[in-house]
Amino acid sequence: MSQPPARTPAAAAPAAAPRPSVIQLVFREKAALYAAYMPLLTDGGLFVPTPRDYRLGEDIYLLLSLPDDPQRYPVAGKVAWITPANVSGGRTQGVGVRFPGDEKTRLLKVRIEEILGTSISSTKPTQTI
């Protein structure tokens with residue numbers, strides 16, 4: 001009696017990259033947008049309060065709603081900085097999301113800066129760096 005052919009293990013499939021998280025971020029007031037906006041990043045960015053742990057450079061998708069604007073803006077950003085839980089100074093836990101350098105997001109940055117107007121140069125404290 002012949003033995004069945006030996007089975008060779010299938011090549012291990014490459015590990016799938018984790019799916020980027022999607023966060024809906026709704027700004028109802030200009031003051032909240034001011035507190036979260038990060039004009040220091042070249043392409044702009046926003047602080048996103050979240051209890052979830054992220055790594056620098058991790059992809060994150062935002063569905064962004066701006067004050068008095070019915071449109072929702074999708075943003076495929078990357079984590080640029082992390083504010084961990086229980087950090088001194090009572091800062092909110094979350095991540096800074098850097099906007100991509102594409103034309104669509106550049107127009108979003110312009111829109112945010114139009115909404116903020118002169119308050120963008122205010123010295124009021126924010127949730128950002």
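## Surface and burial

The accessible surface of the protein chain comes to about 8,700 Å², by the Shrake-Rupley method with a 1.4 Å probe, and 55% of that surface belongs to carbon and sulfur atoms. Of the 129 residues in the protein chain, 34% are buried (under 20% relative accessible area, with a 1.4 Å probe and protein chains only).

This is a predicted model, in which local features need pLDDT of at least 70 and side-chain atom pairs count only at pLDDT 80 or more, while totals for chains, interfaces and linings use all residues. Residues are numbered from 1 along each chain as its sequence is written, and side-chain values use heavy atoms, with hydrogens and water left out.

## Strands and their pairing

The protein chain has two helices and five strands (DSSP runs of H or I with at least four residues, and of E with at least two, numbered from the N terminus), in the order β-α-β-β-β-β-α.

Strands pair if DSSP finds at least two bridges between them. Strand β3 (residues 59-65) runs parallel to β1 (residues 21-26), to which six bridges join it, and Leu25 stands opposite Leu64 in β3. Seven bridges join β3 to the antiparallel strand β4 (residues 72-83), where Gly77 is the bridge partner of Ile60.

Note on methods:
Buried < 20%, exposed > 50% of the residue type's maximum accessible area, 1.4 Å probe, protein only.
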